[in-house]
Amino acid sequence: MCFVQLYFLGLSYMNLRTFTHKHQYVFFNLRFTPSVVILQTPRIVSLLSESYNPHVRYGAALAVGISCAGTGLSDAISLLEPLTSDVVDFVRQGALIAMAMVMIQTNESFDSRVGAFRRQLEKIILDKHEDTMSKMGAILASGILDAGGRNVTIKLLSRNKHDKLTAVVGLAVFSQFWYWYPLLYFISLAFSPTAFLGLNSDLKVPKFEFLSHAKPSLFEYPKPTTQQTTTSTVKLPTAILSTYAKAKSRAKKDAESKANQEKATEEASGSSSGKTAKSQEKDAEAMQVINVFFFSSLYSFITFYSMCCHP
């Protein structure tokens, strides 16, 4: 209820430009004053951006984003940069959206941090491990940066410094997208074209000649993003299950025991064969001795017989 009352109070003072009510509509993010007050907005909410309450930090980020939209203000970018890396996801979301509002219609020639912010958005969007709210904020911020083919900006005041009620209401409703995502489309009511267009009475585009004192580099389109094609092949360690390790160890022990058994069998067979060969050699030697003794005895008998028979 308190939030609704503050929101109603901010919209009520939307048309007032007196300094007395400045503190009311700046903090409620619903008052868009001339450039003097806009330049002071980052300084006014700097302490709020360091609050311990993440909702206050989110509100401070969105307040700076809306009040400094389309200005590319350096102080606003410096205030929002730390919030894009906040520990709370929805604070990062609000800071990314606010940073895109500030940097709309600016490029690296105007501020080198624009290129770094675009690369940060691309990294968040492509990161599979990034939280959903931060990734949503990065997608919205990327859409805001390139809104209208980079030919529109967020503008809440006319050339005569009068409030554009449609744009104010559009951003007021857009800031409530937390409650219903289709409210995001109301931001388109705050867009104003920046392209130079014109037609003649025949509805044809005539040739224009105009003088611009700005550098051509300020109107350059950002470089197109190129996705990395070369992928480094990194060999990851293979996951080994405990059961697989146990089975492998058991199989190794079985193989070792089997090898030991075969070795013992071979040694036993070798020793037995050695013993058999030795016994065979001994038998052969014994037979040789018997043969020699037999033949010598036979020779002696024949010799004795011959002597007896023929004296």
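**Salt bridges and a surface patch**

Modeller: R113 and D111 form a salt bridge, with their closest N and O atoms 3.0 Å apart; the term means a side-chain nitrogen of Lys or Arg within 4 Å of a carboxyl oxygen of Asp or Glu. This is a predicted model, where local features need pLDDT of at least 70, side-chain atom pairs count only at pLDDT 80 or more, and totals for chains, interfaces and linings use all residues. Residues are numbered from 1 along each chain as its sequence is written, and side-chain values use heavy atoms, leaving out hydrogens and water.

Colleague: Is D111 buried or exposed?

Modeller: Buried means under 20% relative accessible area, exposed over 50%, and partly exposed in between (1.4 Å probe, protein chains only). D111 has a relative accessible area of 11%, so this residue is buried.

Colleague: Which residues are linked with R113 in a network of salt bridges?

Modeller: R113 also forms a salt bridge with E81, with the closest N and O atoms 3.9 Å apart. That pair links distant parts of the chain, R113 in helix α7 (residues 113-126) and E81 in helix α5 (residues 74-83), 32 residues apart; helices are DSSP runs of H or I, at least four residues, numbered from the N terminus. The residues linked with R113 in the network are E81 and D111.

Colleague: What is the N to O distance in the salt bridge of D146 and R118?

Modeller: D146 is partly exposed, with a relative accessible area of 26%. The side chains of D146 and R118 meet in a salt bridge, and the N to O distance is 3.0 Å.

Key
Helix = DSSP H or I, 4+ residues; strand = E, 2+ residues; numbered from the N terminus.
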